[in-house]
Amino acid sequence: MTGQSIVLAADVPFPPSVEDFYLPSILPWGAHDNYWFTKITVLVWLTAAALIIFFLVSYRKPQLVPTKRQWLAESVYGFVRNNIAIEMIGPRGVSFAPYLTVLFSFIILNNLWGIIPFIQISPNSHIAFPAFLAIISYVMFIAVGIRHHGFVKYFKTALIPPAPWFILPLLIPIEFFSNFLVRPFSLAVRLFANMFAGHMLLLVFTLGGFAMLNANAWFLPFSLVSWTMTIALTFLEFLVICLQAYVFTVLTASYVQGALADEH
C-alpha cells in the first residue's frame, strides 16, 4: 500500500454512520436542508409525470382507428386487464384493472432508469419505494376484503382455516404471519433485492473495467471483457425489469382475489 493510499484510506470515516446511506441533495444551495431532494426523488417525479402526460394525451381524443400513441396505451391497459386482472381475479378484476395498470406501468418505468446511460439507478433499488408500493397494495386488499365480507367475517376467514379445533392454536398464528406480515414484506423485498442486485452488478463490471485499465495498460483485454459483460447484463437486466413489474402486479392481483374469495 502506497503512502497516498494510506492517506486516502484515513480520510474515509469508519465505521460508517446512518447518514452515509442518505444520497446527497442535487440542489446547489442548502444541501443540508434539502437532503430529501435527491436524484432518486427527481426520477420518481419524472416517472409519475411521464405516466400522467402519456395517458392523458393518449386518451384526450380517442379515435375508432387508434393512433400509435392510443394503440400503445390501449395495449398496456389491455394486457394488464386481460392477462393479470381478469386472469387472476375473474370478471370482477375489471374493476381493479386501472389500479393494476398504473402499478405495472409505474414499476416498469422506475425500473427502466436502472439501464438508461448516465442515470443507471432505479428508485426501486432503494427499499423505501418498493415498501411504499407494497403498503398501498396491502391496505387495498385488506380494505377490499372487509368491504366484501364485513370486518368480522373477513378476518375470521383469513385467520381461521378449515381444520380440526385442536390444531387451530397452531394454525392461526401461522395464517396471521403469512397473510398480514409476509405478504407486504415479500412484495417489497423481492422488488428491491432484484433492482439493487442488478444495479450493483452493472456497477461492478463497468467500474471494474476502468479500474483494471487505470491500474495497468496490459489489462486492456480484461477491461474489454468486463465491459462486454456489462452490455450482456444490461439485456438480462431488461428482462428482470419487466419480470419484476409483472410479478409485483400479479401478486397484488392474487392477494385481491384471495380477499374476495369466500374461503381463504
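Visitor: What makes the reach of helix 2 (residues 39–58) close to the expected one?

Guide: Helix 2 has 20 residues and spans 28 Å from its first C-alpha to its last. The expected span of a helix is 1.5 Å times one less than its number of residues, which for helix 2 comes to 28 Å, so the reach is called close to the expectation. This is a predicted model, in which local features need pLDDT of at least 70 and side-chain atom pairs count only at pLDDT 80 or more, while totals for chains, interfaces and linings use all residues. Residues are numbered from 1 along each chain as its sequence is written, and side-chain values use heavy atoms, with hydrogens and water left out.

Visitor: How do you know what confidence the predictor has in the chain, and which element scores lowest?

Guide: The value to read is pLDDT, the predictor's confidence in each residue, from 0 to 100. The chain averages 83, and 86% of the residues score at least 70. Among the elements, helix 4 has the highest mean, 95, whereas helix 1 (residues 3–11) has the lowest, 42. Over residues 1–10 the pLDDT is below 50, and beyond near neighbours in sequence this stretch has one contact in the model, a contact being heavy atoms within 4.5 Å.

Visitor: How many helices and strands are there, and what makes a stretch count as one or the other?

Guide: Helices (H or I, at least four residues) and strands (E, at least two) are DSSP runs, numbered from the N terminus. By that rule the chain has eight helices and zero strands, and its pattern along the sequence reads α-α-α-α-α-α-α-α.

Visitor: Which residues of helix 2 are called buried, and what covers them?

Guide: The term rests on relative accessible area (buried under 20%, exposed over 50%, partly exposed in between; 1.4 Å probe, protein chains only). In helix 2 the buried residues are Ile40, Thr41, Leu43, Val44, Thr47, Leu51 and Ser58, and their cover includes helix 3 (68–89), helix 4 (97–112) and helix 5 (128–149). For the chain as a whole, 34% of its 264 residues count as buried.

Visitor: Why is Gln244 called buried, and which residues does it touch?

Guide: Gln244, which lies in helix 8, has a relative accessible area of 8%, and therefore counts as buried. Leaving aside neighbours within four places in sequence, Gln244 is in contact with Asn111, Arg190, Leu191, Asn194 and Met195.

Visitor: Why is Leu170 called exposed, and what makes it part of a nonpolar patch?

Guide: Leu170 sits in helix 7 (residues 168–215), and at 55% relative accessibility it passes the limit for exposed.

Visitor: Why are Pro173 and Ser178 called partly exposed?

Guide: Pro173, in helix 7, has a relative accessible area of 46%, while Ser178, also found in helix 7, has 34%, so each value falls between the limits for buried and exposed.

Visitor: What makes phi worth a remark at Phe118 and Gln120?

Guide: Most residues other than glycine have a negative phi. Phi is near 70° for Phe118 and near 50° for Gln120, positive values in residues other than glycine.
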